[in-house]
Amino acid sequence: MPVLNRIAAATEEISAWRRDLHRFPELMYDLPRTAGFVAEKLRAFGCDEVVEGIGRSGVVAVVRGREPGRGQVIGLRADMDALPILEQTGLAYASSLPGTMHACGHDGHTAMLLGAARHLAETRAFAGTAILIFQPAEEGEAGARAMLDDGLLERFAPEEIYGMHNMPGIPVGQFAVRPGPIMASTDRLEIFIDGRGAHAAKPHQGVDPVLVGSAIVMALQQVVARNVDPLESAVVSITMFHAGVVENVIPQTAELVGTARTLKPEVRAMLQQRLPAIVEGVASAYGATARLNWVDGYPVTANHPAQTIFAAQVAAEIVGTDKVDANVAPMMGAEDFSFMLEARPGAFIFIGNGDSAGLHNPRYDFDDAAIPFGASYWVRLVEAAMPL
Ligand code: NI
């Protein structure tokens, strides 16, 4: 079964929703227009329940199949937030808010799930119940966790949850997924170095935190080279280095900020133990003190094996087996759908966005040609998981 006919016929309309969302991007939890747009559409489609304000600005819709008592409860999740980026696409429907942009395609994700919602509400060719989850704040503030903390699972009881993200570089009309880790954990590293300030002409009277910080940056790179199993994955990047205000003063302190990413909890735990030890040890060797503040970000996004096989089968139904990579290489980017996959079995799948600019790039745009594939995938996932 290729793209569903009704979805194909609705592609232009779903694209129009996507472009409307694109013109009015909103950030993090502050999504009054976007969440309002979503809730209004869901009500108009005749969903059985539409609940707003879950996880502050998340929206959840319930669509019951024809035999809700018999089937499962399946959750489908899309994200709604944009990014603080100045759009440079020059598109007719480009962001009307300078400095805010849908540069990760969440406008497309939202529109595709809305398209699926309408189809499911109109046809209800499934048993059980579909839960449509529109979340805020994927871009760094853990909107998925906020929805979980706000009782998403208790109130709507999804037994499995599925997610989808567009991926530049994968052709439109193709999907990619893998069992196990598909996206990395990401944690923030904050390093505070205390040296001893001095006149720049008398370095021997001070303890130079710039030098200490440089040594720490170098030493931290060796953790990946010498503590991580060569067959495992990790990234340690120091991306900010702040110290000093003038050329003739050795500063008293320095501050480093960076990111640590892994694909396995045990590698993450090792970094969490090794990085502070190195920071403290290197500083001590120079006569300075330093401490590392580890700020938990998103955990590893780990797909569950059975649900991954099922997701790949559904995708293959839409686009053909040869257009589904069921064992794609994982990515070191992160995704807060990880919290949902920690709580319930499910799978996170990539949908091709073709040869577009990369995610989070000011020239990126979601490819509307992907809409019929993504929306059909959602519909068939529900129908195949809970057949009549
Ligand atoms: Ni994204």
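Predicted model: local features only at pLDDT ≥ 70, side-chain atom pairs only at ≥ 80, totals over all residues.
Reader: What order do the strands of the open sheet have?
Author: The order is β1-β2-β4-β3-β5-β16-β6-β15, eight strands with mixed pairing.

Reader: Which are the edge strands?
Author: β1 (49-54) and β15 (324-325), each of which pairs on one side only.

Reader: And β6 with β16, parallel or antiparallel?
Author: Antiparallel, over two bridges; β6 covers residues 175-176 and β16 covers residues 346-352. Within that pair, Ala 176 stands opposite Phe 350 in β16.

Reader: Which strands does helix α2 touch?
Author: Helix α2 (residues 32-44) packs on the sheet and touches β1, β2 (58-64) and β4 (129-135). The direction of α2 makes about 165° with that of β1.

Reader: OK, domains. What does the domain assignment give?
Author: Domain 1 is 5-183 + 300-385, and domain 2 is 185-298. Their C-alpha centres lie 37 Å apart.

Reader: How many residues does each domain put into the contact?
Author: Domain 1 gives 18 residues and domain 2 gives twelve residues.

Reader: What area is buried between them?
Author: About 980 Å², with 71% of that from carbon and sulfur atoms. On the domain 1 side, Val 300, Met 332 and Ala 334 supply 61% of the area buried against domain 2, more than any other three residues.

Reader: How many salt bridges across the interface?
Author: The rule finds zero between domain 1 and domain 2.

Reader: Which elements give two or more residues to the domain 1 side?
Author: β7 (180-183) and α9 (337-343) do, on the side that touches domain 2.

Notes:
Residues numbered from 1 in each chain as written. Heavy atoms only, no water. Pairing = 2+ DSSP bridges. Helix = DSSP H or I, 4+ residues; strand = E, 2+ residues; numbered from the N terminus. Contact = heavy atoms within 4.5 Å. Axes fitted to C-alpha atoms, helices over the stretch in contact; angles between N-to-C directions. Domains from an automatic or database assignment. Buried area = accessible area lost by both parts, 1.4 Å probe. Salt bridge = Lys/Arg side-chain N within 4 Å of Asp/Glu carboxyl O.
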